[in-house]
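Trainee: I've got the model open and I'd like to learn how to read it, feature by feature. Can we go through it together?

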Amino acid sequence: MRTIHARFFSRTIVALGLLAALATAQQADGAWDLLIKGGHVIDARNRIDRIADVAIKDGKIAGVADDLPAAQAKRVVNAQGLYVTPGIIDIHAHVYAGTGLRAYTGDLSVYPDGFTYRSGVTTVVDAGSAGWRNFADFRQRVIDRAHTRVLAFVNIVADGMSPRGENDPGDMQPQEAARVAKENADVVIGFKTAHYAGPGWHSIDNAVEAGRLANLPVMVDFGYLVGERTLKELLETKLRAGDIYTHCYSPFRTELLPDGTVNPAMRNGRNRGVLFDVGHGGGSFFWNVAVPATKQGFWPDTISTDLHVGSMNGGMKDLANVMSKLMVLGMPLKDVIAATTWRSAQVIGHPALGHLSEGATADLAVFRLEKGNFGFLDAAGARMDGSVRLRAELTLQAGEVRWDLNGIATDDWTQFKYVPRVEPKKPVLPGQSSR
Ligand SMILES: [Zn+2]
C-alpha cells in the first residue's frame, strides 16, 4: 500500500509540477506590461466610478477589475489616492503655425506634444488653424509627426487663420472643404468657422454646407455680431444637431441677457441638439458669465482649452486647469472627466476613444486632486478662489509613458537599470552618415 501511495503521490506531484510550469509559461506570455493598481477609475462609457485596477498589454487595455494580481504584471503603478481616467481629449486647440508669413496662428500656435501630455491630454483637435487650401501642409508638418493624436476641424476659409483673416466669402468653399475632409477622413472630424466680422451669414452657411456634404459637424466661433446676425437665429435655425457652439461662457454674443439670465436661444439650441463647448482661450471664459450660467444649470457638453500661446500664459493655462475651474463652479469630478473623455469622443465622432474598455487603445491619464488654496484667473484677469485643483501625474499614449510627474511608473535611481555607456557619443555632422 505504501508503494502505491508513494507512486500515486509522486505522479500527482509531477503532474502538478507540469501544470505549474505551464501556468508560468502562460503567465510570462500573457503578462501585462503595466498594472495601475488601487486608483479611483472614472470611465463614463462603462459606468465605472470606483477603486479598481487597470491592466495594459501591447498598448491596449487588457482589463479593468477590482483586484488584479500584481504578480502578473511586468510593472505595477501604485495609484492609491489618485484618479485614473481615459486619455483626455481636448476638442479645441491650435497646433498649426500656418503657411503665411507671421500668420495669425504663427504667433500663437503651439506644437502639440509640448503642451498635451503634461495635462493628461492624448488627443487634441485643432480648431480651424488650417483651412482646406493649406491642410496638406498642416498634416505633413504636424499631424503625421506628433506623438499626440491630432485631429482637426478644417477651416471653411481657404488658408485658415492666416494674416488674410477669415472674412472673405470668396475664400469659403464648401465643396473644397468637403473634398479635403474626405481625402483626410482619418483625421478630419468637422469644419470650423471663426472670427467672422463681415455682414450676412456667409461663414456659417458655407461651413454648415461643407458639414452637410461631408456628413460632419461644424464648430462655430460666432465672431462678431454684425448686421442681422443673432444668437437666436444661429442656434434655433442655422446649426444642426451635433454642431458645436464653442466659447459658451463668453459674453460677446448675448450668451447672457442684460438681466443676467441665460439667453433662451442657448437652451433652445441645446434642446435641438446643438452642443456647447467651453473653448476657454484668451478671451472667451469669464467668471461673470460662467457663474450665473452654471447657477442657472447651463453646464457645458465638452470642456476644452482653445490652447494657444496667449491663453496658456493667461488665465487658461492648460486643460487640467480648465477642468479644475469647472469643479470650482460645482461640476462633479465624474462629469468633468466625462466632458473631456467619452462625451468629447462622441462629439468628434471617434467612439473608439475616451474609455477604458478591454481592447481599447491604452490612452490613459492619472490625476491627483490637490486640496489647498488656489486662485483661478478668467480671460479678463479676474480671480476666483478654489480649494481643489487637478494635476496630471501620469499620461500614457497607446500604453507608452509620455508624462510622469513624480516618477510613479519608474524605479528609484538606486534600483534603476541604467544602460551602460560603452563609448562617448560622437556628433554626426551634416552630410555624414551616423554609421
Ligand atoms: Zn480657437
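Predicted model: local features only at pLDDT ≥ 70, side-chain atom pairs only at ≥ 80, totals over all residues.

Trainee: How many helices and strands does the chain have?

Mentor: The chain has 12 helices and 15 strands. Its C-alpha trace spans about 105 × 60 × 40 Å along the principal axes.

Trainee: What percentage of the residues of the chain count as buried?

Mentor: First the scale: buried means under 20% relative accessible area, exposed over 50%, and partly exposed in between (1.4 Å probe, protein chains only). Of the 435 residues here, 51% count as buried.

Trainee: Now the metal. Which residues coordinate the zinc ion?

Mentor: General idea: donors are N, O and S atoms within 2.8 Å of the metal (3.2 Å for Na, K and Ca), and water is not among the atoms, so sites may look incomplete. In this model, His92 (NE2), His94 (NE2) and Asp306 (OD) coordinate the zinc ion at 2.1 to 2.5 Å. Along the chain the donors follow the spacing H-x1-H-x211-D. Histidine 92 and histidine 94 are both buried.

Trainee: On to helix packing. At what angle do H4 and H5 pack?

Mentor: Axes are lines fitted to C-alpha atoms, for helices over the stretch in contact, and angles run from 0 to 180 degrees between N-to-C directions. Angles under 35 degrees count as roughly parallel, over 145 as roughly antiparallel, 65 to 115 as roughly perpendicular and the rest as oblique. Helix H4 (residues 174-183) and helix H5 (residues 202-214) pack at about 45°, their axes 8 Å apart, so H4 and H5 are oblique to each other.

Trainee: Is the crossing of H4 and H5 left-handed or right-handed?

Mentor: A crossing is left-handed if the near helix is turned anticlockwise from the far one by less than a right angle, and right-handed if clockwise. The crossing of H4 and H5 is right-handed.

Trainee: Which residues meet there?

Mentor: From H4, Pro174, Gln175, Ala177, Ala178, Ala181 and Lys182 meet Asn206, Glu209, Ala210, Leu213 and Ala214 in H5. The residues of that contact divide into 7 nonpolar, 2 polar and 2 charged. In that scheme, Ala, Val, Leu, Ile, Met, Phe, Trp, Tyr, Cys and Pro count as nonpolar, Asp, Glu, Lys and Arg as charged, and the others, Gly among them, as polar. Leucine 213, in helix H5, is partly exposed, with a relative accessible area of 28%.

Trainee: How do H6 and H7 pack?

Mentor: Helix H6 (residues 231-238) and helix H7 (residues 264-271) pack at about 10°, with their axes 8 Å apart, and therefore H6 and H7 are roughly parallel. Their crossing is left-handed.

Trainee: Last one: how do I read phi?

Mentor: Most residues other than glycine have a negative phi. Aspartate 58 has a positive phi, near 50°, and lies in the loop between strand E2 (48-57) and strand E3 (60-65). Asparagine 215 also has a positive phi, near 55°, and sits in the loop between H5 and strand E10 (218-220). Aspartate 58 is exposed at 61% relative accessible area, and asparagine 215 is exposed at 69%.

Note on methods:
Residues numbered from 1 in each chain as written. Heavy atoms only, no water. Helix = DSSP H or I, 4+ residues; strand = E, 2+ residues; numbered from the N terminus. Contact = heavy atoms within 4.5 Å.
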